[in-house]
Amino acid sequence: SFFRKLSPSKMAPSCGFQERTLQSIVSAALAVLVLAAAVAPAHASLFRTSHPTLDWTDCTETRYKGFQCATATVPLDYARPTAATIQLAVVRHLAENTAARLGSLFFNPGGPGIGGCDQLLSIYPKFPEAVRQRFDLISWDPRGIGNSTAVKCFDSTQESLAFVARFGESFPRSEDEVKLWISTYANYSRRCWERNSELLEHVSTADTAQDLDFLRAAVGEDKLNYYGMSYGTFLGATYLNMFPSHANRIILDSNVLPTAWVNNGNPEAGLTSTSLRIGAPRGAQATLEQFLKLCGKSPNCAFSAGSPDHTQQKFHALLERLRAGPIPLNGTQMTYVQVVSLIPRILNAVHPVAGTQGGWPSLAGMLEELWKASSTYGKVQSSPRQQQQQQQQHPLRKRHLYFGPEQLFAVEC
């Protein structure tokens with residue numbers, strides 16, 4: 001594992017600070033939930049010794065108008081429910097039609113390392129009206145993340161990102177850079193290890209599944225209605241295996257392969273990254289190929305070269321220009337690694353959606369701007385120090401309350 005024994009953060013949970021991108025629109029399959037229904041008394045969860053409750057109040061932040069916030073106190077270790085506890089930041093929007101209410105629907109946006117509170121705020125209008133009318137929509141920042149008791153290896157997100165910036169760019173391109181990555185990760189791990197003690201041993205997906213069952217009971221539901229996206233599908237599958245009798249309607253959207261995520265139980269899982277095991281690079285490559293193919297067929301695509309083949313050739317020519325040196329774009333010197341790393345993030349959303357990075361039309365426009373700029377710009381290779389400064393100043397690198405990259409590593413590893 002990447003860290004060992006990380007301890008709970010002292011930060012008190014409070015939904016409504018972090019703004020992360022949501023990479024897809026809610027599936028129309030949610031509409032089937034309105035066919036379901038029965039709300040019954042709460043059911044006790046694994047290792048639970050008392051009936052949990054939540055004290056809901058109106059969220060204090062203006063942008064959370066219409067939402068209610070609560071803090072759940074849960075066991076750090078469900079095998080020792082009366083020992084140490086942690087806190088979870090929880091948010092909900094009540095059913096808009098109280099008379100027709102069918103129950104609660106829990107939402108997890110994926111990640112891991114993404115807080116659900118702000119994501120529910122962003123995606124709430126995208127839920128079908130019938131679902132918003134008849135279900136309380138609920139999400140939470142999972143343990144170890146965001147405004148819940150968090151894995152926190154630095155004093156601020158800025159400090160965490162500045163430390164990671166020592167990597168230079170988002171993947172190494174030389175033997176020296178590989179050595180830098182390995183040594184930096186080792187220092188990263190040691191720092192987190194020394195700064196914390198217990199939390200990391202209890203931020204697994206199984207731990208979060210127990211939190212989900214705790215929250216289900218705390219809102220008075222006998223059965224769970226759940227919608228999970230991406231990594232949220234693995235959480236949903238884990239919940240179903242742990243609490244099959246507690247499940248009602250479970251929607252798993254944009255699934256990851258559970259057996260690949262856990263490497264089929266192989267203890268050597270650490271030798272292969274999670275992304276490689278679930279096939280993320282192959283999926284990104286296939287999506288990029290479709291983007292270039294469709295762009296080449298459309299006269300309205302900004303990056304089109306008149307045909308799919310010519311557009312592919314144009315794209316690879318652009319990459320060669322980036323390999324030769326950075327290209328200026330909107331005041332930023334864009335490097336080969338930055339562009340290659342940015343493309344999959346933009347490809348995740350086909351159409352422009354609030355809270356995403358613009359969709360495929362935006363990607364086509366960015367590539368065309370780089371192409372034109374590369375035709376007129378005299379490329380000069382920047383120094384490693386300049387590249388580090390460019391990464392730190394990248395316009396897409398936002399600053400938040402505390403969502404350090406270690407929160408992803410803590411769950412994924």
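**Reading a mixed sheet and its surroundings**

Tutor: Let's start with strand 2 and strand 3, which run antiparallel and are joined by eight bridges. In strand 3, Ala89 is the bridge partner of Thr71.

Student: Before I go on, what kind of model is this, and how are residues numbered?

Tutor: This is a predicted model, in which local features need pLDDT of at least 70 and side-chain atom pairs count only at pLDDT 80 or more, while totals for chains, interfaces and linings use all residues. Residues are numbered from 1 along each chain as its sequence is written, and side-chain values use heavy atoms, with hydrogens and water left out.

Student: How many helices and strands does the chain have?

Tutor: Helices (H or I, at least four residues) and strands (E, at least two) are DSSP runs, numbered from the N terminus. Here they come to 14 helices and nine strands.

Student: In what order do the strands of the sheet lie?

Tutor: Strands of a sheet pair through backbone hydrogen bonds, either parallel or antiparallel. Two strands are taken to pair if DSSP finds at least two bridges between them. In this model seven strands form an open sheet with mixed pairing, in the order 1-2-3-5-4-6-7. Strand 1 (57-58) and strand 7 (247-253) are the edge strands, each pairing on one side only.

Student: Which pairs run parallel, and which antiparallel?

Tutor: Strand 1 and strand 2 run antiparallel, joined by two bridges; Thr57 stands opposite Cys69 in strand 2. Strand 4 and strand 5 pair in the parallel sense over four bridges, with Gly103 opposite Phe135 in strand 5. Strand 4 (residues 103-108) also runs parallel to strand 6, through three bridges, and Phe107 stands opposite Tyr227 in strand 6.

Student: Which helices pack on the sheet?

Tutor: Look for contact, meaning heavy atoms within 4.5 Å. For directions, axes are lines fitted to C-alpha atoms, for helices over the stretch in contact, and angles run from 0 to 180 degrees between N-to-C directions. Helix 1 (residues 116-123) packs on the sheet by touching strand 3, strand 4, strand 5 and strand 6, and its direction makes about 140 degrees with that of strand 5. Helix 6 packs on the sheet too, touching strand 4, strand 5, strand 6 and strand 7, at about 145 degrees to the direction of strand 6.

Student: Why is strand 4 said to be largely enclosed?

Tutor: Buried means under 20% relative accessible area, exposed over 50%, and partly exposed in between (1.4 Å probe, protein chains only). Six of the six residues of strand 4 are buried, so the rest of the structure largely encloses it. Strand 2 is largely enclosed as well, because six of its eight residues are buried. Over the chain, 50% of the 413 residues count as buried.

Student: Which residues touch the most other members of the largest nonpolar core?

Tutor: A nonpolar core is a set of buried Ala, Val, Leu, Ile, Met, Phe, Trp, Tyr and Cys residues joined through side-chain atoms within 4.5 Å. The largest has 35 residues, and Leu54, Val90, Phe106, Trp140 and Leu215 touch the most other members. Elements that each supply at least two residues include strand 3 (85-93), strand 5 (135-140) and helix 5 (205-218). Helix 5 gives the most, five residues. A second, separate core of 28 residues includes Leu288, Cys295, Leu329 and Met366.

Student: Which residues of helix 9 are buried, and which are exposed?

Tutor: Leu288, Phe291, Leu292, Cys295 and Gly296 are buried in helix 9. Down the helix axis they fall within an arc of 125 degrees, so they line one face; the arc is that of the directions from the axis to the C-beta atoms. Arg282 and Lys297, on the other side of helix 9, are exposed.

Student: What span should helix 9 have?

Tutor: The expected span is 1.5 Å times one less than the number of residues. The 18 residues of helix 9 (residues 280-297) should span 26 Å, which agrees with the 26 Å between its end C-alpha atoms.

Student: Is Arg143 buried or exposed?

Tutor: Arg143 counts as buried because its relative accessibility is 0%. Arg143 sits in the loop between strand 5 and helix 3 (157-164). Leaving out residues up to four places away in sequence, its contacts include Val74, Tyr78, His202, Asp207 and Asp211. The C-alpha atoms of Arg143 and Asp211 are separated by 8.2 Å, though the two are 68 residues apart along the chain.
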